[in-house]
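Open the model in a viewer and keep the selection tool at hand. The stops below say what to select next and what is there.

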Amino acid sequence: MALAKRIIPCLDCDNGRVVKGVKFVDIRDAGDPVEVSRRYCEQGADEITFLDITASSDDRSTTLKTVEDIASQVFIPLTVGGGIRNVENIRSMLNAGADKVGINTAAVFNPEFVGEAASRFGSQCIVVAIDAKKVSKQGEVLRWEIFTHGGRNPTGLDAIEWAVRMQNYGAGEILLTSMDRDGTKSGFDLALNRAIADALTIPVISSGGVGNLQHLVEGIKEGHADAVLAASIFHFGEYTIPQAKEFMRQQGIDVR
Amino acid sequence: MTHIAIIDYGMGNLHSVAKALEKVSLRSGITTKISVTGDSEIILNADRLLLPGVGAMRDCMAEIRRQQIDSLIREQVMEKPVLGICVGMQAMMEHSDENGGVDCIGLCAGNVLRFAEHLTNNDGLPLKVPHMGWNNVAQTHAHPMWHKIKDESYFYFVHSYCVVPDDAFYVVGNTTYTRTFCSALADQNLFAVQFHPEKSQDAGLQLLENFLTWDGNS
């Protein structure tokens, strides 16, 4: 008996609907977030991550309402990310029923914010989302950098150094997305995952690129992830969460 | 009708536990009044008390003392069932090592210690702290609060410190994360858990439902 590796379905939401695009284009509608969350919870998902990708980021009322509705029906941990820029945003998300918040771009522009958030609300509810992209060329030592704005803007920050810095500021967990793999269904960037997971003493959730169940197993066994996050393989019925867990169990991974 | 006071000492999100209690009240048909409150009058009049908790121990204990919730709990636990969750469990001990050392409420003899980070996982890498996610709880003693909950059920944990009671007699549940620690303790009217029942799906909701009917003293 041991701490189980977690499977976390991710709901990208735009204006109150679950959507999923491939590399942020070709967005397909995948349903009502409350319904979808409840279904995943019943199937045995270990947590739910809700990412608000609404373009008009000034209006968070729809998101708050959705978070409230999910939290009153789903009794597993709920992480909410997207547009978390200040302490007030965090407070309103936690009050609406989120258990953790994901901080992404705001951390890059103001790393102190992560420290402030962790000391105010506790590390346990601060997830720092890291979007990394490989910048080393063939034959060079592997190197990844942090990118913002859906992978469009480089920051010059080394991904591993950044992850360690976020841990030192008080992040309770890292949500690591490979921008090279996100939406490609070709599997996690395992070298990136392992480099970050091994450099940290806080848990790492791997994200970006899951196309089949073997990818989930690789993320944990080779990428050293503590949890794996996926969206489209679950949203469009290719696999169910029980199928994923059974497959992982057969490969010797502790799952709930 | 039972009246549960969720003790609010200003340390974060009590929404989850209130929502979960509403849910179990509805499904069990046990009419339940739920107050989220720091008001001593309401706490005195409630049938059951729930001490939740997130965040750092020093801040939690500072607020608990400022609002004199520590003395209130010490009195009230003689009269009614009390459930402590996460930091709310840790606060029941005598002392915590967190934040350089903090004296706690002291209902239960023992300390709160950090997970040893020199321990390693199966890959020989440093143990990840916080202990975050779903882990099994072995029921080391029978207790009415375990009613309809299977031994070794999974519950959701998120914590960097754990309680070490002086006397193993108080331990009613154990969990293993490289080493075995006390994840549930009980003493007369007190029941306290390190995990979050409000986030532990069916097993967690069952535990909260059991709290609606548990008459304490076992």
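Start where the two chains of this predicted model meet. Select the 33 residues of chain B that are in contact with 28 residues of chain A. On the chain B side, at least two residues each come from helix 1 (15-28), strand 8 (131-139), strand 9 (153-159), strand 11 (171-177) and helix 6 (201-213). Strand 8 of chain B gives the largest share, six residues. Colour this side of chain B by class and it divides into 14 nonpolar, 12 polar and seven charged residues.

Next, go to chain A and select helix 1 (residues 33-43) and helix 2 (residues 61-71). The axes of these two helices of chain A come within 9 Å and cross at roughly 30 degrees. With that angle, helix 1 of chain A is roughly parallel to helix 2 of chain A. The crossing of helix 1 and helix 2 of chain A is right-handed. To see the contact itself, show Pro33(A), Val34(A) and Ser37(A) on helix 1 of chain A, and Thr66(A), Asp69(A) and Ile70(A) on helix 2 of chain A. Three of these contact residues are nonpolar, two are polar and one is charged.

Stay in chain A and select strand 5 (residues 78-81). Is this strand covered on one face or on both? Both faces of strand 5 of chain A are covered, with Leu78(A) and Val80(A) buried on one side and Thr79(A) and Gly81(A) buried on the other. Strand 4 (residues 48-52) of chain A pairs with strand 5 of chain A in the parallel sense over four bridges, and Leu51(A) stands opposite Gly81(A). Strand 6 (residues 100-103) of chain A also runs parallel to strand 5 of chain A, joined to it by three bridges. Here Gly81(A) stands opposite Gly102(A).

Now select Gln90(B), which lies in helix 5 (residues 87-90) of chain B. Is Gln90(B) buried or exposed? Gln90(B) counts as buried because it has 27 C-beta neighbours inside 10 Å. Beyond its neighbours within four places in sequence, Gln90(B) is in contact with Met57(B), Ser96(B), Cys104(B), Val112(B), Tyr161(B) and Val163(B).

Strand 11 pairs with strand 12 (residues 179-187) of chain B in the antiparallel sense over six bridges, and Thr176(B) has Thr180(B) as its bridge partner. The hairpin of these two strands of chain B has one residue between the strands, and Thr178(B) takes a positive phi near 65 degrees. Strand 12 of chain B also runs antiparallel to strand 13 (residues 190-193) of chain B, joined by four bridges, with Ala184(B) opposite Val193(B). Two residues lie between strand 12 and strand 13 of chain B in their hairpin, where Gln188(B) in the turn has a positive phi of about 50 degrees.

How values were computed:
Residues are numbered from 1 along each chain as its sequence is written. Chains are lettered from A and ligands numbered from 1 in the order in which they are written. This is a predicted model: local features need pLDDT of at least 70, side-chain atom pairs count only at pLDDT 80 or more; totals for chains, interfaces and linings use all residues. Two residues are in contact if their C-beta atoms, placed from the backbone, lie within 7 Å. Ala, Val, Leu, Ile, Met, Phe, Trp, Tyr, Cys and Pro count as nonpolar, Asp, Glu, Lys and Arg as charged, and the others, Gly among them, as polar. Axes are lines fitted to C-alpha atoms, for helices over the stretch in contact, and angles run from 0 to 180 degrees between N-to-C directions. Angles under 35 degrees count as roughly parallel, over 145 as roughly antiparallel, 65 to 115 as roughly perpendicular and the rest as oblique. A crossing is left-handed if the near helix is turned anticlockwise from the far one by less than a right angle, and right-handed if clockwise. A residue is buried if 20 or more other C-beta atoms lie within 10 Å of its own, exposed if 12 or fewer, and partly exposed in between; C-beta atoms are placed from the backbone. Two strands pair if DSSP finds at least two bridges between them.
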